[in-house]
Amino acid sequence: MRKILISIGTNTQAPYNMYRAKSILQSYFPTIQFTIDIENKPFGQNYKQWFVNTLGYFKSDLSKNEIISRCKHIEKTMGRLVEHKSEGKVIIDIDLIQWGDEIIKPNDFKRSYIIDLLPFVKE
């Protein structure tokens, strides 16, 4: 079993979309737990709305690609479109950032919201 860490963010109808994403994630990964949700200033010039972010964590034997595939499927199911990025709209963003000992997105670990949320991840 590998430790899995997923970052989740939204800046569009944030309370609803965060709740919905967590519910779907729980149906895919029944043992997933979540940190607290925190609000963050927009990151990047396209984004004007504040974000809500959280981390999801669990243990799994699933492959890295299977976890990523499920996360991308949830994004698509919730209505995320490529053109939303240029509009500054994030319905939901779900990224695998750690798979076992492998850090998938090292730059994400430098972002303030990840640093702020990591202490809430329980082993």
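## Helix H1: the buried face

In this predicted model, helix H1 buries Ala14, Asn17, Met18, Ala21, Lys22, Ile24 and Leu25 (buried means under 20% relative accessible area, with a 1.4 Å probe and protein chains only). Seen down the axis of H1, these residues fall within an arc of 170°, so they line one face of the helix. The arc is taken from the directions from the helix axis to the C-beta atoms. An α-helix has 3.6 residues a turn, so residues three or four places apart point the same way.

What covers this face? The cover includes strands S1 (2–10), S2 (33–34), S4 (51–60) and S5 (93–99), and helix H2 (64–77). On the other side of H1, Pro15, Tyr19 and Ser27 are exposed (over 50%).

## Length of H1

H1 has 15 residues, 14–28. At 1.5 Å a residue they should span 21 Å, and the end C-alpha atoms are 21 Å apart, which agrees. The expected span is 1.5 Å times one less than the number of residues.

## The largest pocket

The largest pocket has a volume of about 490 Å³. Its lining has 19 residues (each has an atom within 4 Å of a pocket grid point). Phe43, Phe51, Asp93, Arg111 and Tyr113 lie nearest the centre. S1, S4, S5 and helix H4 (112–117) each give two or more residues to the lining. S1 gives the largest share, three residues.

The lining divides into six nonpolar, five polar and eight charged residues.

## Basis

Residues are numbered from 1 along each chain. Local features need pLDDT of at least 70, and totals for linings use all residues.

Notes
This is a predicted model: local features need pLDDT of at least 70, side-chain atom pairs count only at pLDDT 80 or more; totals for chains, interfaces and linings use all residues. Side-chain values use heavy atoms; hydrogens and water are left out. Helices (H or I, at least four residues) and strands (E, at least two) are DSSP runs, numbered from the N terminus. Contact means heavy atoms within 4.5 Å. On a 1 Å grid over the protein atoms alone, a cavity is a set of points where a 1.4 Å probe fits but cannot get out, and a pocket is an open set with protein on both sides within 12 Å along at least five of seven lines; lining residues have an atom within 4 Å of a point. Grid points are joined across faces, edges and corners, and a volume is the space filled by probe spheres set on the points. Ala, Val, Leu, Ile, Met, Phe, Trp, Tyr, Cys and Pro count as nonpolar, Asp, Glu, Lys and Arg as charged, and the others, Gly among them, as polar.
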